Amino acid sequence: PPFNVDTLRAVYLYGFAVFGTGLSESLLATQIVDELTEVKGAKNRVAVGQGAANVISAIFGGMGGSGSIAQSIVANHSDGITNLCACIAGLCTLTFVYGAHGVVNIIPLGAIAGIMIWAAFKLVDWESLLQAFASLLPLRVRDKINLDCKTPRADALTMFAVMAFTLCLDLSIGLLSGVIIAAFVYVWDSSTRVIVEREVNAEESTSVIYNVTGPLFFATAGGFCDIFPLEEIQFDPDECVILLEGAEVYDYSGMVALKKVYDRFADLGKVVALSSISPTSRRLMEKTAYMWQGVNFLEVEEVDASLNDSTLNSGSLGQA
């Protein structure tokens, strides 16, 4: 076909699908081989090498390829665990295709099918299937049959969804659906992990410390702000410290939520400061330095010094 815009419009969607599927399978094959051999592979080199090989193959009219999980497992069980194994496999394939295709035609398909079935049998983690099945059963049934292994239902849902989409549609859609479901589950689970503990000086009641724990990002921003209602914080002491030692700011929404809470205290006339910000959160916040103009920051030593010789009453204020 001619190399023009019309050709690119016709094939770019399929190209992205093949790219995503091939790269995912190669990285999965590398990860499985790493687990089998207990040797960490160079995933970046695998991805770059695969991309360069596919480009060169396409220039000469060839078909793109990727790492094969099944063949990697067969090679591992045959003690082919070095780079020489992959090189020999490629040279043998090249020899059979161009010089010994007549011999290949003699090999019965049943023998090839048997090898692939054996590879698939070795590939399946049967214990994980049992755990996924156990996640579908209620606790009473699991106790009755003495089934004490169970994977989280969200993981089981992801696995079955990928399997169903792959069988009914294709591998690229199956992988995409698995990534989307896993991301949604992570966001949903993380949105309930923001905890704020309130500590007040019991003797003088001149300062209060809010110890924040958990991730601050778009899914937790609203709940984090709701933990600090104006009706309650207006009765707090005049000095407030928001301790972020156990918290992590991940995106712009998390920064906006943190600044909104800070301004809520400041608008009430209180002296408020942020403390114990992690290095990764600090680097992210420095990219929007204009947002933090006029904001007070305290180091951990300053907070500890203000707490010396004081007795604190602590309690959980809320959870997002």
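Predicted model: local features only at pLDDT ≥ 70, side-chain atom pairs only at ≥ 80, totals over all residues.
Cys240 counts as buried, at 1% relative accessibility.

Now Cys87. Its relative accessible area is 42%, so Cys87 is partly exposed. The closest cysteine sulfur to that of Cys87 belongs to Cys92, at 9.4 Å, again too far for a bond. How many disulfides does the count come to? Zero, by the 2.5 Å rule.

In soluble globular proteins, nonpolar side chains tend to be buried together. Here the largest nonpolar core has 31 residues, and those with the most contacts inside it are Phe224, Phe228, Ile242, Leu258 and Phe265. Two or more residues come from each of β1 (195-201), β2 (207-216), α11 (221-226), β3 (239-249), α13 (252-267) and β4 (271-275). Which element gives the most to this core? That is α13, with six residues.

Last, a helix pair. Helix α1, residues 5-37, and helix α10, residues 171-190, have axes that come within 9 Å and cross at roughly 70 degrees. That angle is why α1 is described as roughly perpendicular to α10. On the α1 side the contact involves Ala17, Thr21, Ser24 and Glu25, which meet Leu171, Ser172 and Leu175 in α10. By type, the residues of this contact are three nonpolar, three polar and one charged.

Definitions and conventions:
Residues numbered from 1 in each chain as written. Heavy atoms only, no water. Core = buried A, V, L, I, M, F, W, Y, C linked by side-chain atoms within 4.5 Å. Buried < 20%, exposed > 50% of the residue type's maximum accessible area, 1.4 Å probe, protein only. Helix = DSSP H or I, 4+ residues; strand = E, 2+ residues; numbered from the N terminus. Axes fitted to C-alpha atoms, helices over the stretch in contact; angles between N-to-C directions. Parallel < 35°, antiparallel > 145°, perpendicular 65-115°, else oblique. Contact = heavy atoms within 4.5 Å. Nonpolar A, V, L, I, M, F, W, Y, C, P; charged D, E, K, R; others polar.
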